[in-house]
Amino acid sequence: MKNIRTCLAVIGLLCSCFVSGFVYSGEFSGYIGGQTRIFFEEPISSEQHNSYLSAVAEPEFFHDWDNGAQNLEVKLFYRIDQHDEQRTHGDIRELSWTGVFENSHENWEVLAGISKVFWGVTETQHLVDIVNQTDQVENVDGEDKLGQPMIRFSTERDWGIVDLFILPGFRERTFPGAEGRPRPGAIVDTDRNAIYDFSAGKQHVDFAGRYSHYIGEWEFGVSLFTGTGREPTDFKPVAVSPTGETIVVPVYSLINQIGVDSQAFFGDWTWKLEAANTIVRSGAKKDINSFKTVAGFEYTLVGISDSSIDLGFVVEYHYSDQRISDTIFDNDLATALRFVLNDAQSTEILAGFTTDADTQTIGSFIEASRRLGESWTLEAQLRTFHGAKQGRPLFSFRFDNFVQIDLNYHF
Amino acid sequence: MNTTLNIQAQVILLITTVLFAPILAHAESAEDESAKNRGMAIAVEADKRDTGFVDFTANMVMELRNKQGDKSTRTIRLKTLEVIGDGDKSMSIFDKPADVKGTAFLTHSHALKPDEQWLYLPALKRVKRINSKNKSGPFMGSEFAYEDLASQEIEKYTYKFVRDEKLNGIDYYVIERYPAYQHSGYTRQVVWVNNKRYVAEKIEFYDRKNSLLKTLNNTDYQQYLDQYWRPDTMLMENHQTGKSTLLTWENYQFKTGLTDKNFTRNSLKRAR
């Protein structure tokens with residue numbers, strides 16, 4: 001009852017904002033869409049399925065005033081999945097106010113609310129991008145993020161950009177449910193309480209900062225983070241499912257992380273580097289120090305054979321010392337081709353594979369997208385997993401080669 | 001008899017040519033030099049007349065058409081800040097198509113060293129620096145290359161005056177310009193400069209093989225602040241593919257009070 005009353009109060013407040021002339025100068029946009037995933041082989045678990053349908057909506061509202069010095073941004077997200085009750089989920093991706101305060105010497109931008117930030121330069125993994133939690137149930141590539149409550153201060157000067165973050169309200173990572181596919185061998189139960197191996201638990205306030213700048217054709221950033229690590233440091237078995245599968249809950253720990261990212265252009269070459277050093281400050285893995293890096297290049301042939309098609313070669317090497325947890329990218333080489341057709345439909349294709357140098361596990365992917373007419377987009381993905389070794393993270397994906405098609409209407 | 005005379009004439013012509021060739025060549029290069037100077041002078045005058053606008057904002061509708069007549073539309077808002085002694089700063093923000101709404105480009109252009117260019121991707125909230133060295137590629141699938149829409153600094157080309165020409169009762173200087181930077185998609189451009197207003201009304205673009213690739217027609221010029229001419233429409237036709245792009249400009253405003261602070265990476269994120 002109390003919840004309903006709060007909800008009504010919030011809705012009432014939002015409505016009164018809109019009615020007070022706000023709505024006339026604001027802008028609504030966003031997309032709705034349908035998705036299908038089709039798997040080529042029988043699943044490992046009897047709870048999983050061979051095909052999945054889902055529907056998604058992501059409406060947005062944006063309004064700025066005071067000559068663009070203040071704005072309000074709202075972005076809501078909801079997905080309904082045919083089988084996976086964990087994938088049926090909603091999120092406030094964005095609900096933030098931004099204000100700019102400047103005089104002739106100073107300029108500060110302040111953001112308060114729920115928002116998202118992106119750090120980094122590489123294509124196949126985002127190592128330094130730590131502020132937002134991964135919405136893992138959305139896609140296996142980890143590119144989707146949950147909205148993070150934050151207060152952000154940012155200043156841009158001749159000597160670079162400084163961003164400072166206060167991050168209250170930790171977001172737990174989403175994971176596919178028992179019926180979800182692909183998913184880890186053990187079922188990660190996010191409906192049970194996760195384990196925080198430090199006393200403040202979910203109430204812990206995290207801090208982050210980043211300095212970034214460019215000198216000519218060279219860009220670089222240094223970032224610091226202190227707080228609850230977004231990636232679980234462990235998974236604890238808590239039960240067994242009716243189908244005999246282990247049910248686990250994630251363990252979150254306090255960490256300090258320093259990250260660097262850098263990018264430089266030499267002619268048609270773009271060189272990229274990300275590296276992160278993480279120290280665990282709580283729990284069973286306290287004082288473990290771990291290093292990860294990804295480095296590589298993208299070389300672009302502009303207008304191949306007198307067409308307007310650009311062809312890019314992406315090569316990135318991944319390393320992790322695996323001291324905190326076993327990650328997919330420990331000693332892997334990712335190679336991909338990127339076709340940008342530069343046509344009216346903005347057709348793009350990225351196709352490639354990631355090879356583990358030690359186990360010869362190969363993950364391949366094709367991502368293609370194009371616009372249909374003025375308002376629709378069509379995306380297709382193919383992901384395959386070959387030769388995964390028992391005990392390694394991708395082992396549970398060994399029968400999960402799939403194709404995914406997304407059709408979205410944008411407004 | 002006739003034949004002998006002919007041979008004699010030919011021999012004389014040959015001798016004359018051989019004897020006087022260096023002089024002719026010299027005369028030609030002097031002519032060349034003066035054509036270059038005159039071409040340059042026209043470019044300098046055009047640049048001078050367009051100096052001092054400080055800043056402007058405008059809306060642009062971009063209509064892409066293919067050979068079959070299919071149309072596709074983009075709408076873009078544009079802000080430009082004049083930078084004296086260097087390339088201008090500009091920001092373009094996409095309103096349509098809906099799937100790229102809020103996507104924005106920030107360019108700090110330079111005369112000869114590479115521009116700095118950033119792309120803002122609103123879905124990822126990512127500001128991405130892009131390699132701007134190669135500007136010969138199409139802008140958003142249109143027939144305009146990035147370099148066609150970039151800030152036009154004098155140093156970006158070398159010039160040659162070709163001829164005076166009268167078209168539809170208007171006098172033009174026809175000049176050729178040759179891109180000074182090696183990644184250009186063109187060997188040369190032929191420009192019809194209105195000799196009263198000093199604006200380009202027509203440009204022919206020749207590809208790397210020196211064959212005619214595209215023609216741009218800038219029409220319906222309006223004068224702003226009693227000085228600065230801007231075309232309402234720009235039609236770029238690709239002769240090799242049969243595709244074309246029509247740019248329609250609306251709502252030009254000059255001296256709107258923009259400063260450097262409106263052209264930073266942080267402001268790019270707020271631009272929508």
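This is a predicted model: local features need pLDDT of at least 70, side-chain atom pairs count only at pLDDT 80 or more; totals for chains, interfaces and linings use all residues.

Trainee: In what sense do β17(A) and β18(A) pair, and which residue of β18(A) stands opposite A:Gly312?

Mentor: β17(A) and β18(A) pair over 10 bridges, and the sense is antiparallel. Opposite A:Gly312, the residue in β18(A) is A:Arg338.

Trainee: How many other C-beta atoms lie within 10 Å of A:Ser346?

Mentor: A:Ser346 is not a glycine, although its phi is positive at about 50 degrees, and its place is the loop between β18 (331-340) and β19 (348-356) of chain A. A:Ser346 is classed as partly exposed, and the number of other C-beta atoms within 10 Å is 18.

Trainee: Where in chain B is B:Pro97 found, given that the peptide bond from B:Lys96 to B:Pro97 is cis?

Mentor: Most peptide bonds are trans. The bond from B:Lys96 to B:Pro97 is cis, with omega near 5 degrees. Since β3 of chain B is the run 89-96 and β4 the run 104-108, the place of B:Pro97 is the loop between β3 and β4 of chain B.

Trainee: What is the omega of the cis peptide bond from A:Arg181 to A:Pro182?

Mentor: A:Pro182 lies in the loop between β7 (160-167) and β8 (187-188) of chain A. For the cis bond that joins A:Arg181 to A:Pro182, omega is near -5 degrees.

Trainee: Which residues touch the most other members of the largest nonpolar core, and which elements give two or more residues to this core?

Mentor: The largest nonpolar core holds 19 residues, and those touching the most other members are B:Met91, B:Ile93, B:Ala104 and B:Leu106. The elements that give two or more residues to this core are β1 (55-65), β2, β3, β4, β5 (116-121) and β12 (228-238) of chain B.

Trainee: With which residues is B:Met91 in contact, leaving aside its neighbours within four places in sequence?

Mentor: B:Met91 is one of the core residues that touch the most other members. Beyond those sequence neighbours, the contacts of B:Met91 are B:Lys79, B:Ala104, B:Phe105, B:Leu106, B:Phe263, B:Leu268 and B:Ala271.

Trainee: Which element gives the largest share of the side of chain B that touches chain A?

Mentor: On this side, 25 residues of chain B are in contact with 36 residues of chain A. The elements that give two or more residues to the side of chain B are β2 (71-81), β6 (126-130) and α3 (265-270) of chain B. The largest share, 3 residues, comes from α3(B).

Trainee: How many residues of that side of chain B are charged?

Mentor: The residues on the side of chain B that touches chain A include 6 nonpolar and 9 polar ones, and the number that are charged is 10.

Definitions and conventions
Residues are numbered from 1 along each chain as its sequence is written. Chains are lettered from A and ligands numbered from 1 in the order in which they are written. Two residues are in contact if their C-beta atoms, placed from the backbone, lie within 7 Å. Helices (H or I, at least four residues) and strands (E, at least two) are DSSP runs, numbered from the N terminus. Ala, Val, Leu, Ile, Met, Phe, Trp, Tyr, Cys and Pro count as nonpolar, Asp, Glu, Lys and Arg as charged, and the others, Gly among them, as polar. A residue is buried if 20 or more other C-beta atoms lie within 10 Å of its own, exposed if 12 or fewer, and partly exposed in between; C-beta atoms are placed from the backbone. A nonpolar core is a set of buried Ala, Val, Leu, Ile, Met, Phe, Trp, Tyr and Cys residues joined through C-beta atoms within 7 Å. Two strands pair if DSSP finds at least two bridges between them.
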